[in-house]
Amino acid sequence: PLEPGGTAADRLKCECEQCPCSNGTGGFMCTHCVEDAACGPGSSCDRTMLLDNYDRHFSCTFSDAFKRHPTYKLFWPNGWASPRFLAQYFPSRGTVRLDIINTMCSHRQPILMQCTCQECSSMYDEIDALTNEQSGVCKQKKIPSPCARCETCQCTYPDDSWLGTLTRTIVDGISQGVYLGCEAGLNSSSCTAMLDDLPAPLSFDCESGLCFPDNQTREVYEAKK
């Protein structure tokens, strides 16, 4: 995370945009691979979006559909901001970290809010052997399987955050869990975060990448039969 008052924001700015990533990396602060070149010999970049049992980083922006939703105006009443959303899913530790970063085109505090969620795990829907119909928590929440569930979340924000008074009150009240789901599309990939304490889902356009050894077999299950 970016420390309040630090110089990280200045290092990231190139004419108010993040400096280009190199060596096959991408995403916010170049946190994940986008090409095999980022992984080195013997590994390749897996850009699968499913929330399975592998630790993953997601770099996102709010979707156009969510920007038109009334919930978006809780955070930006004037509707002008273009923040970035960084999600880090660590099933190996049972945690999720969510960071919403405001515009980098400013000398003000870039961190809008940060959430840490605990007791997280991947959840898989079932497919009926006779009807081939899918059922389970992920489908009930209208997000792809596998999805992730965290039982508790705590959100904070810097004292000099852009958040308004009403939004700070809402963020202070976040204590319950979250459902997360991601999927890859033809033209873009998307993720959805459903915080129990917020009135509507948060939807994002995202990218992700994980370096995976070529000599290991990776099993991907969208749902279990």
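Gln-88 is buried, with a relative accessible area of 14%; buried means under 20%, exposed over 50% and partly exposed in between, with a 1.4 Å probe and protein chains only. The model is predicted: local features need pLDDT of at least 70, side-chain atom pairs count only at pLDDT 80 or more, and totals for chains, interfaces and linings use all residues. Residues are numbered from 1 along each chain as its sequence is written, and side-chain values use heavy atoms, with hydrogens and water left out.

Gln-88 sits in strand E7, residues 84–90. Leaving aside residues up to four places away in sequence, Gln-88 touches Arg-56, His-57, Thr-95, Val-96, Arg-97 and Asp-99. A contact here is heavy atoms within 4.5 Å.

**The chain as a whole**

The chain has five helices and 16 strands. These are DSSP runs numbered from the N terminus: helices are H or I with at least four residues, strands are E with at least two. Of the 225 residues, 44% are buried. Take the contacts between residues at least 6 apart in sequence: 60% of them join residues at least 24 apart. The accessible surface comes to about 12000 Å², and carbon and sulfur atoms hold 48% of that. Areas come from the Shrake-Rupley method with a 1.4 Å probe; for residues, only the protein chains shown count as cover.

**Aromatic pairs**

The structure holds five aromatic pairs. Rings of Phe, Tyr and Trp (its six-membered ring) pair if their centres lie within 6.5 Å; planes under 30 degrees apart count as stacked, over 60 as edge-to-face, the rest as tilted. Two of the pairs are tabulated here.

| Pair | Centre distance | Plane angle | Class |
|---|---|---|---|
| Phe-62 and Phe-66 | 5.3 Å | 25° | stacked |
| Phe-85 and Phe-204 | 3.8 Å | 25° | stacked |

The pair of Phe-85 and Phe-204 links distant parts of the chain. Phe-85 lies in strand E7 and Phe-204 in strand E15 (residues 202–208), 119 residues apart. Phe-85 is buried at 5% relative accessible area. Phe-204 is buried too, at 1%. Phe-62 and Phe-66 are both buried. Ring pairs join Phe-62, Phe-66, Phe-85 and Phe-204 into a cluster.

**Charges over rings**

A charge sits over a ring if NZ of Lys or CZ of Arg is within 6 Å of the ring centre and within 35 degrees of the ring normal. Arg-93 lies over the face of Phe-90, 4.1 Å from the ring centre. Arg-149 lies over the face of Tyr-179, at 4.4 Å.
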